[in-house]
Amino acid sequence: MNIAEEWRSRLSECERELIVHFPVRMDDGGVKVLTGFRVVHNDTRGPAKGGLRYHPDVTLDETRALAALMTLKTAVVNIPYGGAKGAVVCNPELMSQGELERMTRRYTSEISILIGPDRDIPAPDVGTNPQVMAWIMDTFSMIKGYTVPAVVTGKPVTVGGSKGRFGATGRGCMINARLVAEHLGIGLEGATVAVQGFGNVGSVVARLLAREGSKIVAISDVKGGIYNEKRLDVEAVFRYSQQTGSVVDFKDAENITNAELLALPCDILVPAAIENQIVKANAADVKARIILEGANAPTTPEADKILSDNGVFVVPDILVNAGGVVVSYFEWVQGLQAFFWSEDEVNRQLETVMHNAFHEVLEMSQQEKVSMRNAAYMLAIKRIAGAMETRGIFP
Ligand code: NAD
């Protein structure tokens, strides 16, 4: 892209990295000292924005990578934010609500020197949810002495969350499915779809695509997957997995593994679980015509090359799953203005932003003769480097 070295090297590093070690009182009366991070990768285009992850294996390096992806994601969809990410090394599944609340509040207090509505705005990610966001908002507001709704997004609607936020990432995936199907001249109606992961992103995209008339033939979660070559009744699978905690053993389907799901013959494959699922060893097995990356970084660079050689049309994570951050942006705007929109208005605005972003990435990919992923990176980097150049470096 012939970007000047000063902008390239700035983008290669994170701007701010905070590591905190803080005590949490556990239910048994003991105290654990936990480690957390908050990383701002770049805030040239606006306040930093990015999720908060609670996971036992999370590291500072992973947090940096996720923060960098957020800088690119907000630039691709052209919303006025930079990129950030936060994390606490913990296993939320083994913690009580009380422990989670005490941990969240103490972590918020530690990172309060960096966050704020016009500085850095957390949101939910793996292991966190709207309740965690409400605790962050409450703790930050206690420190300030007044209510600051716009310090986090992904809050419950009762405390300033946006309508449509919960399903926004899945809805954004569905919009991308529609746009890519249109581009490749295949109808979504009757298209066969396999979805890996049936959480916030996977369940919403599966349900919305089923409503568009697509045939969802396979769904999986961490415990395994199910397959019915004719079509699964997605609403029934959803109810079943809510009741039993998994899709496995759903009637009217055969059980399959996650590895088998990724290799199924289908029109659209949606990896919507976790990172590093399509790797060098299994990329050649993928038979789908289109991959929509609902998860962050589900495909490794080696696998990406194999998919591209095999003619699989990959729509990249920073475009496909940006619906969440777009509606987070709407939530922030609504919070700052104290003026709230209807769900229809939120969905309509989301549609416009995703539509524009998809077509800008597609145009870049055709002009530069590069993959959709490289085009998305190029579009994002062009915007960020352009903003850095216009702002300049002083002195
Ligand atoms: P979630 O925790 O709600 O759901 C994750 C799903 O994946 C669950 O069904 C889980 O059982 C399954 N899963 C976990 N590990 C798995 C494994 N090893 N193999 C197969 N399935 C596995 O999480 P989510 O919010 O739906 O996020 C999914 C992905 O999308 C993550 O990569 C996340 O970073 C990304 N993402 C989420 C959002 C959002 O708004 N929720 C936004 C952008 C990106």
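Contact here means that heavy atoms lie within 4.5 Å. With that in hand, let's walk through this predicted model, starting at a single threonine.

Thr 128 sits in the loop that joins strand E5 (120–124) to helix H4 (130–144). Leaving aside residues up to four places away in sequence, Thr 128 touches Leu 52, Tyr 54, Ala 123 and Met 133. Its side chain also reaches the backbone nitrogen of Asp 125, at 2.8 Å. Is Thr 128 buried or exposed? Its relative accessibility is 10%, so Thr 128 counts as buried, the cut-off for that class being under 20%.

Now turn to the ligand. Its shell has 20 residues, of which Thr 169, Phe 198, Asn 200, Val 201 and Val 222 come nearest. Sorted by class, that shell contains 7 nonpolar, 9 polar and 4 charged residues. Asn 296 uses its side chain instead, placing a polar atom 3.0 Å from a ligand oxygen. On its own the ligand has 820 Å² of accessible area, and the protein covers 78% of it.

Our last stop is helix H13, which runs over residues 372–391. Its 20 residues reach 29 Å from the first C-alpha to the last, close to the expected 28 Å. Just after the helix, Gly 392 adopts a positive phi of about 80 degrees.

Conventions
Residues numbered from 1 in each chain as written. Predicted model: local features only at pLDDT ≥ 70, side-chain atom pairs only at ≥ 80, totals over all residues. Heavy atoms only, no water. Helix = DSSP H or I, 4+ residues; strand = E, 2+ residues; numbered from the N terminus. Expected span 1.5 Å × (residues − 1). Near = heavy atom within 4 Å. Polar contact = N/O pair within 3.5 Å; in protein donor to acceptor, adjacent residues only side chain to side chain. Areas by Shrake-Rupley, 256 points an atom, 1.4 Å probe, with all protein chains shown as cover. Nonpolar A, V, L, I, M, F, W, Y, C, P; charged D, E, K, R; others polar. Buried < 20%, exposed > 50% of the residue type's maximum accessible area, 1.4 Å probe, protein only.
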